[in-house]
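Open the model in your viewer and switch to a cartoon view. The stops below say what to select and what is there.

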Amino acid sequence: MNDQQFYYETMYILRPDIAEDEVTKHIDKYNKLLEEFGGTILDSQMRGKRRLAYQIAKHREGIYVQLSHQGDGQHIFKIEKAMRLSEDVIRYMTVKQEGPLPTPRPSTKSSTKADDKENPETKIESKEEQSKVSADTSTSGKDNIETKENE
């Protein structure tokens, strides 16, 4: 049971009108605050701008950030208080997790851009494969209708 440990995941949403460099400043700010309050950061990821399920403070989109961390639990109140006082954070939530600790993942933005530059043909091939699959499924549906009519 050594690999089953407790850790916390904090998801917070920043205002969508913040510049990208300001977003990284906010992420660094909360990472540093968390370490100052006695927590250890396991993983920190910016999930990007997404549409909200409902309007929050007149915003329909938000920039999602996921932060996985460990600590004694006392640091959560302090980090959430800092988020509550910030005008740039429109929502936050911390959940206690049990299981294997998350491993830090490399940034997906830089890796996908590099992959696209190296192999632009793979993008085209995958689109062609998708169109073939959709064409196959659309014709198979027509065959089923025709066989039912013939019976």
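In what order do the 4 strands form the open sheet? The order is β2-β3-β1-β4, with antiparallel pairing. This is a predicted model, in which local features need pLDDT of at least 70 and side-chain atom pairs count only at pLDDT 80 or more, while totals for chains, interfaces and linings use all residues. Residues are numbered from 1 along each chain as its sequence is written, and side-chain values use heavy atoms, leaving out hydrogens and water.

Strands (E, at least two residues) and helices (H or I, at least four) are DSSP runs numbered from the N terminus. Two strands pair if DSSP finds at least two bridges between them.

Select β2 (40-56) and β4, the edge strands, each of which pairs on one side only. Next, show β2 with β3: 11 bridges join these antiparallel strands. Pick Met46 there; its bridge partner in β3 is Val65.

Then select α2, residues 74-85. His75, Ile76, Ile79, Glu80 and Met83 are buried in this helix (under 20% relative accessible area; exposed is over 50%, partly exposed in between, with a 1.4 Å probe and protein chains only). They lie on the same side of α2 because they cover an arc of only 125° around the axis, taken from the directions from the helix axis to the C-beta atoms. The buried residues pack against β1 (5-14), α1 (20-36), β3 (59-70) and β4 (89-99), where contact means heavy atoms within 4.5 Å.

Finally, turn to the face of α2 away from its buried side, which carries the exposed residues Gln74, Phe77 and Leu85.
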